[in-house]
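Hi there,

Here is the model I promised to pass on. Have a look at it first, and my notes follow below.

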There are 4 protein chains.
Amino acid sequence: MRPPAQVTVWGEFRHEKTNPKVAVHYPDGMHETIAAFLRPHPDLDVTTAFLDQAENGLPVDLLDRTDVLVWWGHMAHGEVCDEVVAQVKRRVLEGMGLIVLHSAHYSKIFKALMGTTCSLKWRESTDKERVWNVAPHHPITRGLGEYFEIPNEEMYGEPFGIPTPDELIFISWYTGGEVFRSGATWQRGNGKVFYFKPGHETFPTYHHKEVQQVITNAVRWAAATVRIPDDCPNSPPLEILPFDPEQAERPTIGFR
Amino acid sequence: MRPPAQVTVWGEFRHEKTNPKVAVHYPDGMHETIAAFLRPHPDLDVTTAFLDQAENGLPVDLLDRTDVLVWWGHMAHGEVCDEVVAQVKRRVLEGMGLIVLHSAHYSKIFKALMGTTCSLKWRESTDKERVWNVAPHHPITRGLGEYFEIPNEEMYGEPFGIPTPDELIFISWYTGGEVFRSGATWQRGNGKVFYFKPGHETFPTYHHKEVQQVITNAVRWAAATVRIPDDCPNSPPLEILPFDPEQAERPTIGFR
Amino acid sequence: MRPPAQVTVWGEFRHEKTNPKVAVHYPDGMHETIAAFLRPHPDLDVTTAFLDQAENGLPVDLLDRTDVLVWWGHMAHGEVCDEVVAQVKRRVLEGMGLIVLHSAHYSKIFKALMGTTCSLKWRESTDKERVWNVAPHHPITRGLGEYFEIPNEEMYGEPFGIPTPDELIFISWYTGGEVFRSGATWQRGNGKVFYFKPGHETFPTYHHKEVQQVITNAVRWAAATVRIPDDCPNSPPLEILPFDPEQAERPTIGFR
Amino acid sequence: MRPPAQVTVWGEFRHEKTNPKVAVHYPDGMHETIAAFLRPHPDLDVTTAFLDQAENGLPVDLLDRTDVLVWWGHMAHGEVCDEVVAQVKRRVLEGMGLIVLHSAHYSKIFKALMGTTCSLKWRESTDKERVWNVAPHHPITRGLGEYFEIPNEEMYGEPFGIPTPDELIFISWYTGGEVFRSGATWQRGNGKVFYFKPGHETFPTYHHKEVQQVITNAVRWAAATVRIPDDCPNSPPLEILPFDPEQAERPTIGFR
C-alpha cells in the first residue's frame with residue numbers, strides 16, 4: 001500500500017479578503033476550497049498555505065515533504081520571496097509536481113520554469129468557456145467527456161507565451177471568439193508541471209465539478225515518484241583512456 | 001537581397017589572459033577566433049564583445065540590433081549582471097537567436113531560458129569526442145558527414161539537466177565510456193536557441209574545421225526573422241457577448 | 001542564386017467535374033487555382049497533377065525532381081494506388097516537403113506518415129472559421145496578423161487523431177462552438193510535413209488571400225534541402241574491438 | 001484493487017528452432033523467457049504467442065483483451081499478415097501499450113506506427129553496450145542506476161530513422177565508437193509505445209537483470225488505461241449557427 005501523496009495547496013489569499021465578489025465564493029480562500037475537494041480522497045494528504053504566512057507559508061521542511069504543490073496567485077506575484085521561489089524550483093527539479101492555476105501563468109515560479117514570457121490575451125466579461133479535451137487517453141482527463149463548459153470565465157487567448165508543451169491536454173473555446181491552450185504539461189528536471197487555465201477569482205470556478213475532477217486527476221498524476229538532488233560531478237572514466245601527460249595540472253573546478 | 005545578419009560573438013575572455021595553455025590557442029580570446037571564421041561570409045556582419053567591457057559588452061542598443069548572439073562563458077558566470085541577462089532574455093524572446101557554447105551550459109542566460117539545472121557529468125582528460133550527426137536533414141548539419149571527431153575534448157556526460165529538446169542534432173561518444181546530447185535546439189518565445197557542446201578552453205577546438213562549420217550553420221539558422229515585443233493585452237471580444245451587468249465594476253488591472 | 005523550388009500541386013479533381021457548387025469556384029480544379037497563386041513567385045517552379053492521370057499523375061521521375069508536394073483529396077482517397085503512396089512516402093523520408101490540405105487528413109499518404117487514425121469531428125454548415133496564429137515567429141505565418149477569418153468553412157473539431165505536432169501553428173475557432181489544431185508540422189525522416197485545415201470544396205477558400213499566403217509560405221518552408229536515400233548499413237567499428245572468435249560465423253543478413 | 005494488466009508476449013520463434021547459438025539461450029523461445037520473468041508479478045497476467053500459430057498467434061479476441069503487447073521479430077517480419085498488423089495497430093490507437101524489442105525496429109507494426117524508415121546502422125560483433133539512463137525520473141527507469149552494461153550485444157547506431165521521441169529514455173555507448181537512442185517512447189493515439197534496443201538473439205540479453213527490470217517497468221507503464229474506438233463523427237453545433245439556406249443539399253458523406 002503506497003502512502004498518501006503529500007499535497008500542499010498554496011493560495012495568495014488576498015482578493016478574498018478585500019473583494020466581496022470573491023469572498024462570496026471563497027470565504028476561507030480559494031486554497032481552502034481546493035483543499036476541501038481533495039481531502040476526501042484517502043490517497044491524498046492535504047495541507048494548505050498562503051502568502052502572508054511566515055516564509056510565504058512554504059518553509060523548506062514543508063516543501064521537502066511535499067509531493068505536489070498547487071499554486072494560485074494573481075495580484076501579489078511580486079511579493080513572493082525570490083528565495084521561496086528558488087526553493088520551489090529546486091523541489092520541482094528534484095521531482096515534486098506543480099499544478100499552476102489560472103493567473104499563476106504570471107507567477108515567478110511558472111515563469112522561472114518555462115523561461116518565456118507566459119503572456120496572453122485576457123478579458124474579464126461574460127464569456128462562456130468550453131474546455132475541449134484533446135487528450136482523452138491522459139490521466140488528467142480521466143472521467144471527463146469530450147468537453148465541459150464553465151458558464152462564465154475570464155477569457156485567456158492565444159498567443160500564449162509558453163514553450164511547446166510536452167502534452168497538450170485542453171483547448172478552450174470562448175464566446176467572444178478566442179481560443180487558448182488551457183491545459184498543458186511539461187517535464188522540468190524530475191518534476192511534472194501542469195498548467196490549467198480556469199479559475200478567475202470572481203467566478204465560482206473551483207466549485208465546478210469537472211474543474212475539481214481535473215485538479216484531482218492532475219494532483220495524482222504529478223505527485224513525485226523520485227527525489228533526485230542536483231549534481232554536476234567530476235566523473236572518472238569507465239573505459240581506459242590514453243595516458244594523460246598533463247593530469248597533475250588539470251584544474252579542480254570547485255566553482256562549477 | 002537580404003541584408004547581412006548581425007552577429008555578436010560574446011566571450012568571457014578571462015582564461016585566455018591568465019592561463020598560458022588557453023592563450024596559446026586563443027591569444028586574442030575565443031570570441032575573436034570564432035568571429036574570425038564567421039567574418040569571411042558576406043551574409044554575416046560580425047561584432048565581438050566580452051565580460052569586462054562596460055555593461056558586460058552588451059549595451060541595450062547593441063542587443064537591439066543583434067540578430068544572433070554567440071555565448072562562451074565558464075569561470076565568471078556569476079559576474080554577468082542580472083540586468084544584462086534580463087535584456088538578453090528579452091531579446092531572445094523577441095526573436096534573437098542564441099548559440100550557447102560548451103561551459104555556457106551553466107551560464108545565467110541558458111539556465112534562465114531552460115528553467116532547469118543544466119547540470120551534467122564532466123572530466124578533463126584525454127578523451128576523444130566523436131560527434132554523431134543524428135539530424136542529417138537539419139540546416140545546422142549542412143556539409144557535415146555522419147560524424148566528426150575531436151581528438152581531445154573535455155567529457156560532458158548524461159544525464160544532462162535540460163528540458164526535452166525540440167530537435168536533437170548531435171550525440172557525442174567519448175573514449176571513457178560516456179554519451180552526451182551535444183547539440184540540441186529549443187524555440188523560446190520567438191527566438192531560436194542552439195546548445196553546442198565542444199569548446200573546452202585548453203584545447204584548440206574552435207580551430208577545428210567541422211566545429212567551425214557547425215557554428216557557422218547555426219548562426220545562419222538562428223538569425224532573427226521577427227521582432228515581437230512582449231505584450232499581455234486586455235482584448236475586446238470579436239463576437240457578440242451576452243450583456244454584462246457588472247461591466248462598470250470590472251477592474252482595470254494595471255499591475256498585470 | 002538558388003534555383004527555384006520544384007513544386008507539384010496534386011488534386012483529386014473529381015468534385016469539380018460533378019458538383020456545380022464546386023465547379024463554380026474551381027472550374028479547372030482546385031490544383032490549378034492553387035498553382036495559379038504560386039506561379040507568379042520566381043523562386044517557385046510549379047507543376048500540377050491529378051488522380052485520373054497515368055500513375056495518378058505522379059510518375060517516379062516527377063516525384064524524384066519534386067521538392068515539395070501539395071496534396072488535396074477527399075472522395076477518392078481509396079483510388080490512389082498503394083505503389084504511388086509508397087513512392088511519395090519514400091520521397092518525403094528522403095527530404096521532399098509535403099503540404100496536406102483539408103480533407104487530405106484522411107489521405108493514404110498522411111495516415112501512413114502519421115501512424116494514427118487522423119480522425120476528427122466535422123460539420124458542413126455555415127460556421128465562420130477564425131484561424132488563430134499561435135506561432136508568430138514561424139516562416140509559415142510570415143505576413144499574417146494574429147488571426148484571419150474564413151466566412152464559411154466546414155467545421156473540423158477536436159480530438160484530432162494525430163501524433164503531437166512538432167510545431168503547432170494555428171488553432172481554429174468555429175461559430176458552432178468547436179476548436180481545432182488547424183495548422184501543424186511534423187518532421188518525418190528528412191522531409192517536412194505541414195497539415196493545413198481550410199479548403200472545403202464547396203467554398204471559395206483557396207481564393208482567400210490569407211489562405212494563399214499560408215500555402216505559399218508553407219511551400220517555401222517545406223521545400224527539400226537534402227536528398228538522403230534510406231540505408232541500413234552493416235558498419236565496421238571505428239574503434240578497436242576485442243577479438244571475435246566467432247567472426248567467420250556471423251551471418252550476412254541480406255533480408256534486412 | 002485494480003485487476004492485473006493483461007500482457008501478451010509475442011515472439012517470432014524461428015531463430016530458436018534453427019540456430020543452436022540461439023537455442024542455447026532460449027530453448028523455449030525468447031517469448032517464453034520474457035514471459036517467465038514477468039509472470040511472478042501479481043499485477044501482471046501473462047500470455048505468450050508466436051508467428052506460426054493460427055492468425056500469427058494474435059486472434060482479435062486476444063488482442064481485444066490485451067492491455068500491453070511485447071513484440072520481438074527479426075527474420076520473418078514479412079510473414080506477419082497485414083490484417084494482423086492492422087488489428088494490432090487498431091488496438092494501440094485504442095489504448096493498448098506496445099513494447100518493441102531490438103530487431104522489431106523493422107517490424108511492420110513499428111514502421112506503421114512511426115511512419116518512417118526505422119533504419120539504423122548495425123554490426124554483429126563483440127561490442128560492449130553501455131546503456132545510459134537519461135530519464136532518471138521516468139517509470140521505465142525505476143530501480144536502475146545511471147547506466148548498465150551488456151557485455152556483448154549487436155551494435156545499433158545512429159542515425160535511427162524514427163520521429164523525434166516524446167521521451168528519450170536511454171542512449172547507448174558501444175565499444176566500436178557508436179551511439180544509439182536505445183530507449184524511447186511515443187504516444188500513438190490512445191496507446192503508449194516503447195522501443196528498447198537490447199536483445200540480439202545470439203546473446204543471453206533477456207536473462208540480464210537490468211534488461212528484465214526495464215521490460216517489466218515498461219509493461220507496467222504502457223498498460224492500457226482506456227479503450228477508445230476510432231470515430232469521425234458528423235457533429236451538430238453546440239452554439240446557434242446562422243441560417244443555412246443550403247442545409248437540405250449538404251451531402252451525407254458515408255464514405256468518410
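Let me start with the contact between chains B and A. Two salt bridges cross that interface, a salt bridge being a side-chain nitrogen of Lys or Arg within 4 Å of a carboxyl oxygen of Asp or Glu. One of them pairs B:Glu246 with A:Lys21, with 2.7 Å between the closest N and O atoms.

Before going on, a word on conventions: this is a predicted model, in which local features need pLDDT of at least 70 and side-chain atom pairs count only at pLDDT 80 or more, while totals for chains, interfaces and linings use all residues. Residues are numbered from 1 along each chain as its sequence is written, chains are lettered from A and ligands numbered from 1 in the order in which they are written, and side-chain values use heavy atoms, with hydrogens and water left out.

Back to B and A. In this interface 56 residues of chain B are in contact with 56 residues of chain A (contact means heavy atoms within 4.5 Å). Together the two chains bury about 4,800 Å², and 54% of that is on carbon and sulfur atoms; buried area here is the accessible area (1.4 Å probe) that two parts lose on being put together, summed over both. There are also 20 residue pairs in polar contact across it, both at pLDDT 80 or more. By polar contact I mean a pair of N or O atoms within 3.5 Å; within protein, one must be able to donate a hydrogen and the other to accept it, and residues adjacent in sequence count only if both atoms are side-chain atoms.

How do the two copies relate?

Next, chains D and B. Here 20 residues of chain D are in contact with 20 residues of chain B, and about 1,700 Å² is buried between them, 67% of it on carbon and sulfur atoms. D:Trp132, D:Trp173 and D:Val179 supply 30% of the area that chain D buries against chain B, more than any other three residues. The rule finds two salt bridges and eight residue pairs in polar contact (both at pLDDT 80 or more) between these chains.

One residue worth a look is D:Lys121, in strand β5 (residues 121-123) of chain D; strands are DSSP runs (E, at least two residues), numbered from the N terminus. D:Lys121 counts as buried because its relative accessibility is 6%, the cut-off being under 20% (1.4 Å probe, protein chains only). Its salt bridge with B:Glu146 has the closest N and O atoms 3.0 Å apart. A polar atom of the D:Lys121 side chain also lies 2.9 Å from the backbone oxygen of D:Glu158. Beyond its neighbours within four places in sequence, D:Lys121 has contacts that include B:Trp132, C:Pro233, C:Ser235 and D:Tyr156.

Finally, C:Thr141 sits in the loop between β6 (129-133) and β7 (147-150) of chain C. At 2% relative accessibility, C:Thr141 is buried too, and its contacts beyond four places in sequence include C:Asn133, C:Phe170 and C:Asn217.

Best wishes

Key:
Helices (H or I, at least four residues) and strands (E, at least two) are DSSP runs, numbered from the N terminus. Buried means under 20% relative accessible area, exposed over 50%, partly exposed in between (1.4 Å probe, protein chains only).
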